[in-house]
Amino acid sequence: MVATATHYGLNVSDMDDALAFYRDLLGLEVDREFPVSEVQSDIVGVDGVEGDITFLDAGGFSIELIAYDAPANDNVHDSADGHDVGVGHVCLEVDDVWALYEDLQSEAEFVNEPKTVGNGAQITYMRDPDGNYVELMEPPAE
């Protein structure tokens, strides 16, 4: 049986761009960084992979960024929409979704302005530099 979730992994095209978004823009801290190991080809089922891995601390949960430098790959999010099968997202809890939305509008691509959902939470979706969806969620008032 599953004990707990530990991290959410994202393949990114450029580690510097991804860190500029997740670390610099959203404020997540780098926990650890290392090159892709020699067993990574076996893990992902692709021969000859090379690249770097960075884990970010998202308040006790990690976001793993993997930048594969080789072999060449495609960005499947170029044409994907948020409702397409296989498109995932990571959700980050924030204190004030409207304030963050207003602060980041000029620096990030938002899918929508914050909306209140059925349970009272306020959410907005944005895209990282590779088009991966990131949800910012302000929990409902208690």
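Q: Where does Pro71 lie?
A: Pro71 lies in the loop that joins strand 4 (62-70) to strand 5 (89-93). Here helices (H or I, at least four residues) and strands (E, at least two) are DSSP runs, numbered from the N terminus. This is a predicted model, in which local features need pLDDT of at least 70, side-chain atom pairs count only at pLDDT 80 or more, and totals for chains, interfaces and linings use all residues. Residues are numbered from 1 along each chain as its sequence is written, and side-chain values use heavy atoms, with hydrogens and water left out.

Q: Is Pro71 buried, exposed or partly exposed?
A: Buried means under 20% relative accessible area, exposed means over 50%, and partly exposed lies in between (1.4 Å probe, protein chains only). Pro71 counts as partly exposed because its relative accessibility is 35%.

Q: Which residues is Pro71 in contact with?
A: Contact means heavy atoms within 4.5 Å. When neighbours within four places in sequence are left aside, Pro71 is in contact with Val46, Asp47, Gly48 and Val49.

Q: How is a sheet read, and what order do the strands have in the open sheet of 4 strands?
A: Strands of a sheet pair through backbone hydrogen bonds, either parallel or antiparallel. Two strands are taken to pair if DSSP finds at least two bridges between them. In this structure the open sheet of 4 strands has the order 1-4-3-2, with mixed pairing. Strand 1 (7-12) and strand 2 (29-35) each have a single partner strand, so they stand at the edges and one side of each is left without a neighbour in the sheet.

Q: In which sense do strand 1 and strand 4 pair?
A: Strand 1 and strand 4 pair in the parallel sense, over 6 bridges. Asn11 stands opposite Ile66 in strand 4.

Q: Where is Ser62 found, and which residues does Ser62 touch?
A: Ser62 is found in strand 4. Its relative accessible area is 14%, so Ser62 is buried. Not counting residues up to four places away in sequence, Ser62 touches Thr6, His7, Tyr8, Phe55 and Leu56.

Q: How many residues has the largest nonpolar core?
A: In soluble globular proteins, nonpolar side chains tend to be buried together. A nonpolar core is a set of buried Ala, Val, Leu, Ile, Met, Phe, Trp, Tyr and Cys residues joined through side-chain atoms within 4.5 Å. The largest one here has 25 residues, and Tyr22, Leu65, Met126 and Val134 have the most contacts inside it. Helix 1 gives the most to this core, with 6 residues. Apart from this core lies another, of 6 residues, among them Val49, Ile53, Phe55 and Tyr68.

Q: How is a pair of aromatic rings described, and how many aromatic pairs are there?
A: A pair of aromatic rings is described by the distance of the centres and the angle of the planes. Rings of Phe, Tyr and Trp (its six-membered ring) pair if their centres lie within 6.5 Å; planes under 30 degrees apart count as stacked, over 60 as edge-to-face and the rest as tilted. By this rule the count is 5 aromatic pairs. The pair of Phe21 and Tyr22 is edge-to-face because the ring centres are 4.8 Å apart and the planes stand at 80°. Both Phe21 and Tyr22 are buried. Tyr125 and Tyr133 also form an edge-to-face pair, with 6.3 Å centre to centre and 75° between the planes. Tyr125 is partly exposed, at 22% relative accessible area, whereas Tyr133 is buried, at 8%.
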